[in-house]
Structures are given as structure tokens and as C-alpha cells.
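Visitor: Could you show me how to read the features of a model like this, one at a time?

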Amino acid sequence: MYRILIYLLSIVLANVITAKFAPLNLGLFIIPYGTLLIGLTLVMRDMVQNKYGRAKTYMWIAAALALSAVTSHLLGDALWVVCASTLSFIISETTDTEIYTRFKLPFVRRVMVSGIVSGFLDSAVFVIIGIGPLGLGYVPWDLVPYAIAGQWVAKVLMQLIVAGGIRHFVMKLGIYEPNISDFKPTKTQAV
């Protein structure tokens, strides 16, 4: 149950941090501080799926989506931003779930493959529709690629750090729960 709580809390915390602090500007790259928690969110979603399966994960995604939209609205985000956030959440979480389901790789690699794609979609949809030219217009077209790239790179790096750290931590404590990709079939099982 702790993974579900961490998953849900990381989403709320990402919204709060994004609403309360101005984005980090690294040259041309624009990175909302809450983006750093999205890496944790996507890894925890994968861990929820490992423990509870794909069908129950979609139930928790729906709960997280509602929680995210309500939190964003309560924090005073513009309706356009709430809608863009909701759309990017649906797209990225569904993409992450489906890619994670289909790839039979070790945990960290599977997290990275699913996270690279879902993180990009989350960043692109939110920037273009929420804060970019199709939304509030905070980011003009010429800066959209930098805003997307900044968020995407931050998410991917955080996923790698979180996934590797979690795997190392749970292995050290002896509480690692293997998923199907951790089992290597023997020659008799492969036949």
C-alpha cells in the first residue's frame, strides 16, 4: 500500500511545488520544479503495476488523475492549465502503463523505456496546450522545444535516479518483489 500512497502523494506534491515556485531557468531550458517529482511518479506507477497488476493500476491512475485535477484547481491554476495537465496525465500514464506492460526487460530498463516515451508526451502536451501558444501563451513557439526538452530531460534523469535507487534500496533490505521480466527461463521452460 505504501507504493500507492507515495504515487498519489508525489502527484499532489508536484502540483503544489509547481504552483508555489517559479520555474527553474537553465539557459533556454524551462523546468518547473514539480517536474522533478514526475520521475518519482512514473517509477511509483510502475511499482504499483508490479505489485497490483495492470487493471488495478488503471484504477489508481484514475484516482491520481482526479486528485491531480482537484489539487491543481485548488491551488488556483487556470482552467486551461488544469485541462492541459489532465490531458497530459492521461496520455503519459496510459503510455507508460502500456509500454511497461509489453517490454519484458529488467525493472530499471523497463522504467527507462516507458519513461522516456511517456515523459516526452507529458512534457509536449502540457507545454503546448497548457502554457504554450495553444494555451496561456506563457511560452512562445520559438521557446516551446526548449521548454519541452528541459522538462523531458529532468523527468528522464529523475526516473533513472529514482528507479536505480529504489531497486538498490529494496534489494539491500531483501524486500525486492520480482516481476515477470526478472525470471530467466531455463532451456526446459523455454521450450
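Visitor: Which residues does T41 touch, not counting residues up to four places away in sequence?

Guide: A contact here means heavy atoms within 4.5 Å, and by that rule T41 touches Y7, S10, I11 and E93, with residues up to four places away in sequence not counted. T41 is found in helix α2, where helices (DSSP runs of H or I, at least four residues) and strands (runs of E, at least two) are numbered from the N terminus. The model is a predicted one, in which local features need pLDDT of at least 70 and side-chain atom pairs count only at pLDDT 80 or more, while totals for chains, interfaces and linings use all residues. Residues are numbered from 1 along each chain as its sequence is written, and side-chain values use heavy atoms, with hydrogens and water left out.

Visitor: Is T41 buried or exposed?

Guide: T41 is buried, at a relative accessible area of 2%; buried means under 20% relative accessible area, exposed over 50%, and partly exposed in between, with a 1.4 Å probe and protein chains only. Across the protein chain, buried residues make up 42% of the 191 residues.

Visitor: Which helices and strands does the protein chain have, and in what pattern?

Guide: The protein chain has six helices and two strands, and along the sequence they follow the pattern α-β-β-α-α-α-α-α. Of the contacts in the chain with a separation of 6 or more, 72% are between residues 24 or more positions apart.

Visitor: How many residues does the largest nonpolar core have, and which of them have the most contacts inside it?

Guide: A nonpolar core is a set of buried Ala, Val, Leu, Ile, Met, Phe, Trp, Tyr and Cys residues joined through side-chain atoms within 4.5 Å. The largest one here has 17 residues, and those with the most contacts inside it are Y7, V43, A64, F89, F107 and V111. Helices α1 (2-20), α2 (35-74), α3 (79-102), α4 (107-131) and α5 (144-173) each supply at least two residues of this core, and α2 gives the most, with seven. A second, separate core has 11 residues, among them A124, F126, V139 and A147.

Visitor: How many salt bridges are found in the whole structure?

Guide: Side chains of opposite charge can pair when their charged atoms come close. A salt bridge is counted when a side-chain nitrogen of Lys or Arg lies within 4 Å of a carboxyl oxygen of Asp or Glu, and a search of the whole structure finds five. R45, D46 and D96 are linked in a network of such bridges: the closest N and O atoms are 2.1 Å apart for D46 with R45 and 2.8 Å apart for D96 with R45. Because D96 lies in helix α3 and R45 in helix α2, that pair ties together parts that are 51 residues apart in sequence. D96 and R45 are both buried.

Visitor: What does D46 touch, not counting residues up to four places away in sequence?

Guide: D46, which is found in helix α2 and is buried with a relative accessible area of 0%, touches D96, Y100, F107, V111 and S114, leaving aside residues up to four places away in sequence.

Visitor: Where in the chain are D122 and K155, which form a pair?

Guide: D122 is in helix α4 and K155 in helix α5, 33 residues apart, so that the pair links distant parts of the chain. Their side chains meet in a salt bridge of 2.5 Å, N to O; D122 counts as buried at 12% relative accessibility, and K155 is buried at 1%.

Visitor: What is the volume of the largest pocket?

Guide: On a 1 Å grid over the protein atoms alone, a pocket is an open set of points where a 1.4 Å probe fits, with protein on both sides within 12 Å along at least five of seven lines, and lining residues have an atom within 4 Å of a point. The largest pocket has a volume of about 700 Å³, and of its 34 lining residues the closest to its centre are N15, T18, P32, V81 and F126. Helices α1, α2, α3, α4 and α5 each supply at least two residues of this lining.

Terms used
Grid points are joined across faces, edges and corners, and a volume is the space filled by probe spheres set on the points.
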